[in-house]
Amino acid sequence: MNNRLINWFRYASPQSFYPLAGRMIPWFWAFTAVFGLIGLWISFFAAPTDATQGEGYRIIFVHVPTSWMSMFIYLIMAFWAGLGLALNARLSGMMAQALAPTGALMAFLSLLTGALWGKPMWGAWWVWDARLTSELILFFLYIGFIALQAAIDDPRRADKAGAILALVGVVNIPIIYFSVKWWNTLHQGASVSLTKAPAMAQTMLWGMLIMALFFWMYTIAVALTRVRAIILERESHTEWVKEEVRL
Amino acid sequence: MKPRHKRIVLIVGGLVAFGAAAAFVLNALDSNIALYVTPTEVAAGKIPQGKAFRIGGLVKEDSIRRDNLTVHFVMTDTAKDIPVAYTGILPDLFKAGKGAVVQGRLGADGTFTATEVLAKHDENYMPPEAKYAVDQAQKNK
């Protein structure tokens, strides 16, 4: 094994990851503040009014990034959960556990902002179309994951049970993403995708992308803070935690 | 095989099997997941009998006619047309030439009596000046 590989594995141990996370957190909070201020300024002041929807369209600056994050966090959570299941690594399970509440928050915000937009634009708070329903299922998957982990006292067993649920739920992510293509839905198709030019004005697009970065940075900062708390809790029997807490 | 490899194989195998199962289920449910049927499908008789359903398509240009509180318009997918009658408040984005989804029942005379009308927004977002430019360009074509 070469040196780099050993270094990587070093941070798989909660004891060495704990201080690393502590050093990274302030940076991510700083990025959160910067991107948040720029993003909100563009969203509210710089971006032009939409021709058909008026000012109400501005909710997409929260709706679209939170929807992206709700799907992406789930993939990362499932990745960590799967890794923990395969390699029996403790930190992976803790990462998955730390990401779940933020993912649930993103899914909830996505559903809420969508409903607030839907009433004036579509004429309905909610319709049971494939996109909305699958996003609701995603929200329930997060809640189920959190509840399942909380219901099992032994953390290693809780991690395993949660990991299986998280992995099974992954099948929902492509369904959410492609639902507007596979079936006819009330929800519109993607305005921004990797395969075609974005169907929106430049400034609007920038606002949305910077807001997405804001939610990214927020998610990382919050997840790292949470994983530090989880490490302390689960490793509370070890000497280094006793040392750390005494300080 | 080490136990770790065995677990990885099990996880990947499980995911593939589950994904395939989900794909088959969704494929079988195909038409039931759709929120609405198109006017062509209505004309072909592919509609649930005696039940309320939704039709999705475009509101035909120049077809909106108001008669007291009732609005009459035509839903089209450019191939087939369905006349619709609706009493109630229309959403702001409801416009001729734009997408809409109507829920209700098909009468014996072929008129669809809607109980709910939803406007379908497309994925394009643009400022009014850009919209004006696009409209002008289309007119000059």
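Modeller: Take helix α3 (residues 60-87) of chain A: its 28 residues should span 40 Å at 1.5 Å a residue, and its end C-alpha atoms are 40 Å apart, which agrees. The expected span is 1.5 Å times one less than the number of residues in the helix. Helices (H or I, at least four residues) and strands (E, at least two) are DSSP runs numbered from the N terminus. This is a predicted model, in which local features need pLDDT of at least 70 and side-chain atom pairs count only at pLDDT 80 or more, while totals for chains, interfaces and linings use all residues. Residues are numbered from 1 along each chain as its sequence is written, and chains are lettered from A and ligands numbered from 1 in the order in which they are written.

α3(A) is mostly covered, with 21 of its 28 residues buried. A residue is buried if 20 or more other C-beta atoms lie within 10 Å of its own, exposed if 12 or fewer, and partly exposed in between, with C-beta atoms placed from the backbone. Just after α3(A) comes N88(A), which takes a positive phi of about 60°. Most residues other than glycine have a negative phi.

S43(A) counts as buried because it has 21 C-beta neighbours inside 10 Å. Not counting residues up to four places away in sequence, S43(A) touches R58(A), F61(A), G207(A) and M211(A). Two residues are in contact if their C-beta atoms, placed from the backbone, lie within 7 Å. S43(A) and I210(A) are 167 residues apart along the chain, yet their C-alpha atoms are separated by 9.5 Å.

For chain A as a whole, the secondary structure comes to nine helices and zero strands. The C-alpha trace of chain A spans about 65 × 35 × 35 Å along its principal axes. Of the 247 residues in chain A, buried residues make up 41%. Among contacts in chain A with a separation of 6 or more, 76% are between residues 24 or more positions apart. The average pLDDT of chain A is 89, and 95% of the residues score at least 70; pLDDT is the predictor's confidence in each residue, from 0 to 100. Within chain A, confidence is lowest in helix α1 (residues 3-10), at a mean of 62, and highest in helix α4 (residues 90-121), at 94.

Chain B has three helices and six strands, in the order α-α-β-β-β-β-β-β-α along the sequence. Its radius of gyration is 22 Å, well over the 14 Å that the globule rule gives for 141 residues, so chain B is more spread out than a compact globule. That radius is taken over C-alpha atoms, and the globule rule is 2.2 Å times the number of residues to the power 0.38. The C-alpha trace of chain B spans about 75 × 45 × 30 Å along its principal axes, and 21% of the 141 residues of chain B count as buried. The domain assignment of chain B gives domain 1 (1-33) and domain 2 (39-120), with bounds from an automatic or database domain assignment. The C-alpha centres of these two domains lie 41 Å apart.

Two loops of chain B hold non-glycine residues with positive phi. D62(B), with a phi of about 60°, is in the loop between β1 (53-59) and β2 (65-67) of chain B. T78(B), with a phi of about 75°, lies in the loop between β3 (70-76) and β4 (81-87) of chain B. D62(B) is exposed, with 10 other C-beta atoms within 10 Å; T78(B) is exposed, also with 10.

Finally, the contact between the chains takes 31 residues from chain B and 34 residues from chain A. On the side of chain B that touches chain A, α1 (3-33), β6 (112-120) and α3 (128-139) of chain B each supply at least two residues. α1(B) gives the most to that side, with nine residues. The residues of that side divide into 20 nonpolar, four polar and seven charged. Here Ala, Val, Leu, Ile, Met, Phe, Trp, Tyr, Cys and Pro count as nonpolar, Asp, Glu, Lys and Arg as charged, and the others, Gly among them, as polar.
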